[in-house]
Structure formats: structure tokens, C-alpha cells
Amino acid sequence: WKQGGLKRFAILPLIFVHALAVLKHSRGVDLIHANWTLSAGCVWLTRWLHRKPFVVTVHGSDIFQAGKIPVIRWLTGVILRRARKTIAVSKALANEVLALGVPEKSLVIIPDGVDMDRFKPPEGDRENVILFVGALTHMKGGDILLRAFRDVAAIFPSYSLVMVGEGTCRSEWEQLASDLGIKNKVTFTGALARDDVADWMRRAILFVLPSRSEGLGVVLLEAMASGTPCIGSDVGGIPDIIDWQSVCLVSSQNPSELAGAINSYLENPVKLIEASKAAREKAEYFFAWNRIGSRLVDQYLISLGKV
């Protein structure tokens with residue numbers, strides 16, 4: 001949108017096709033659940049045809065970026081105030097939603113869930129791999145991790161860094177790895193299928209998400225379900241899932257602190273074992289999809305006046 005010109009109108013065909021999909025699939029349902037505000041906007045725009053109530057889940061960039069463009073901020077507030085319920089996946093997102101003028105009584109916090117069968121601990125030993133999974137964009141902080149890993153590799157030369165994902169910063173980060181002298185220790189896999197991501201989660205000894213902004217951090221949940229200890233930055237919804245035994249929290253944009261946190265795990269095998277067990281237990285108790293699904297169903301019934 002900020003790029004201006006005709007590029008900002010490229011979203012119009014998506015909105016049109018999305019609206020048609022809403023009308024097609026809204027037949028015979030009692031309630032529509034929209035994920036992301038763009039989807040909620042399509043539900044709202046077509047409500048005079050389908051006449052169905054709706055709830056919406058906001059996940060991150062759709063809210064965090066809304067405040068930066070006045071017209072989008074206003075429109076987002078209008079859409080969310082028309083929903084029976086707005087579901088935020090983290091406290092940070094909930095606060096942003098309230099700032100848009102959404103009544104507190106229509107807001108609820110329910111995090112995303114994780115597939116505990118797909119993401120599970122390995123049967124054998126793990127590899128000396130530190131793992132990152134996410135879009136290779138500035139917001140995800142991969143450059144911070146690369147700078148931190150340079151210091152880690154100096155102390156633990158047998159460890160490697162695997163970065164799973166694709167994005168606009170890939171070539172820049174590949175060059176950065178070369179400039180830092182760690183090119184031979186860093187692997188960029190590109191985008192992978194879900195099962196391949198799950199395999200890397202099981203293989204890695206540690207997972208790191210150094211985001212500069214994050215709605216929740218679903219990849220952290222997937223790593224935890226895999227019994228992989230995690231390190232995350234103190235932004236957005238990441239603190240919502242922090243537990244000293246399963247996820248270590250570090251200051252955003254601080255490579256030295258991140259390197260220290262990674263080293264504290266690698267130099268203490270007992271800590272790794274304890275954190276692995278705690279991570280899996282917490283994921284199962286708080287974020288398994290059967291538990292999250294039950295909470296969503298409760299909100300559906302409340303929205304329909306059946307509770």
C-alpha cells in the first residue's frame with residue numbers, strides 16, 4: 001500500500017474472489033469465522049447477501065500494520081466492531097484491537113493451536129543444529145540471529161544454523177553470512193513442506209525466533225510440541241507463551257544477548273533435557289488443537305446466543 005501507484009490496487013481481484021468464496025460457502029451455515037481482517041472485510045461487505053453473523057480472529061500484521069495508515073486503521077475498526085466476537089491470538093494483539101475502539105465485551109484472547117501428532121519429539125538423538133523457521137524478511141530478525149550465531153560458532157564450532165523459509169531478505173542474509181565468516185556453517189533451505197519442517201524441528205537441538213514484530217509465533221508452538229527448547233524475542237505475542245523452562249526470552253535486536261542465551265543452553269546438557277520435556281508438556285496442556293478448538297466452539301455458541 002505504501003508503495004503507491006497502481007500496485008495498491010492489486011489487492012482488488014483478491015477481495016473480489018474472496019467475496020465470491022464467502023457467498024458460496026456461507027450457504028447453510030449459522031456463523032462465519034473469518035481469519036485475518038481482510039477475510040472479515042469480505043464477510044462484512046457481503047453481509048447484505050448472506051445475512052450471517054460473523055466472528056474474526058486477528059493474527060498479527062493485519063492489526064499491527066493497521067495503525068500506520070489512517071484509512072486502514074479506521075476501516076479495520078469499523079469491520080471489527082461489526083463482528084459478534086473478535087478473537088486475538090495474544091495479549092499484545094488484544095490491546096491493539098481495543099485501541100481501535102472494539103468493545104472489551106466482544107474481545108477474547110485465544111491463541112493458535114498446534115498439531116501434536118505432526119510435531120512431536122524425535123525417537124533418537126538430535127543433531128547439533130540451531131533452527132530458524134519463518135519468512136526471510138526484516139521483521140523476522142534473521143540478520144540478528146546470523147550475527148549472534150557468529151559468536152556462538154566461535155565457542156561451539158561443531159554446531160550449524162539452518163534457516164528454513166523464503167523471502168525478500170534471503171540474498172542479503174546469504175551475503176551477511178559470508179561477510180561474517182560463517183557461510184559454511186549456515187544452510188538456507190528455502191520454503192519446505194509442513195512435514196519437512198516438522199522433521200527439522202525434531203532434528204534441531206534448539207529453535208530461535210528473533211522477530212522484531214510477532215502476533216504470536218506459531219513456529220514456537222510447533223518447536224515446543226517437538227520438545228525443542230526455544231529462544232524468542234520480547235515482542236508482540238511471544239511473551240504470552242514464554243515459560244522459563246521451555247522458552248527463553250531475550251531483548252529484541254540484541255545479537256550479543258541472543259548469543260549468550262544460545263550458549264547458555266549449549267553449555268548445559270541438563271538444561272536442554274529439562275527444557276525439552278517442559279516444552280512438550282506446556283504445548284500439550286495449553287496449545288493442543290483439541291483444547292483450542294473447544295474454546296472456539298464456546299465462542300461460537302456465545303455469538304449465536306446459545307449459551
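What follows is a conversation about one predicted model.

Biologist: What should I know before I read the values?

Modeller: This is a predicted model, in which local features need pLDDT of at least 70, side-chain atom pairs count only at pLDDT 80 or more, and totals for chains, interfaces and linings use all residues. Residues are numbered from 1 along each chain as its sequence is written, and side-chain values use heavy atoms, with hydrogens and water left out.

Biologist: How many helices and strands are in the protein?

Modeller: The protein has 13 helices and ten strands. Both are DSSP runs numbered from the N terminus: helices are H or I with at least four residues, strands are E with at least two.

Biologist: Why is the protein called as compact as a globular protein of its length?

Modeller: The radius of gyration is taken over C-alpha atoms, and the globule rule is 2.2 Å times the number of residues to the power 0.38. For 307 residues the rule gives 19 Å, and the protein has 21 Å, which is close, so the protein is as compact as a globular protein of that length. Along its principal axes, the C-alpha trace spans about 65 × 45 × 30 Å.

Biologist: What makes Cys-42 count as buried?

Modeller: Buried means under 20% relative accessible area, exposed over 50%, and partly exposed in between, with a 1.4 Å probe and protein chains only. Cys-42 has 1% relative accessibility, so Cys-42 counts as buried. Cys-230, at 0%, is also buried. Of the 307 residues of the protein, 49% count as buried.

Biologist: How many disulfides does a search of the whole structure find?

Modeller: The search finds zero. A disulfide is a covalent bond between the sulfur atoms of two cysteines. The test used here is a pair of cysteine sulfur atoms within 2.5 Å.

Biologist: Why is helix α2 said to be largely enclosed by the rest of the structure?

Modeller: Helix α2 covers residues 37–45, and seven of its nine residues are buried, so α2 is largely enclosed. Among the buried residues are Gly-41, Cys-42 and Trp-44. The buried residues of α2 pack against α1 (11–25), β1, α3 (47–50), β2 (54–58), α4 (61–64) and α5 (70–82).

Biologist: Why is Trp-36 called partly exposed?

Modeller: Trp-36 is at 38% relative accessibility, so it counts as partly exposed. Trp-36 is found in the loop between β1 and α2, and it has a positive phi of about 80 degrees although it is not a glycine.

Biologist: And why is Arg-51 called exposed?

Modeller: The relative accessibility of Arg-51 is 68%, so Arg-51 counts as exposed. Arg-51 is found in the loop between α3 and β2. Its phi is positive, about 55 degrees, although Arg-51 is not a glycine.

Terms used:
Contact means heavy atoms within 4.5 Å.
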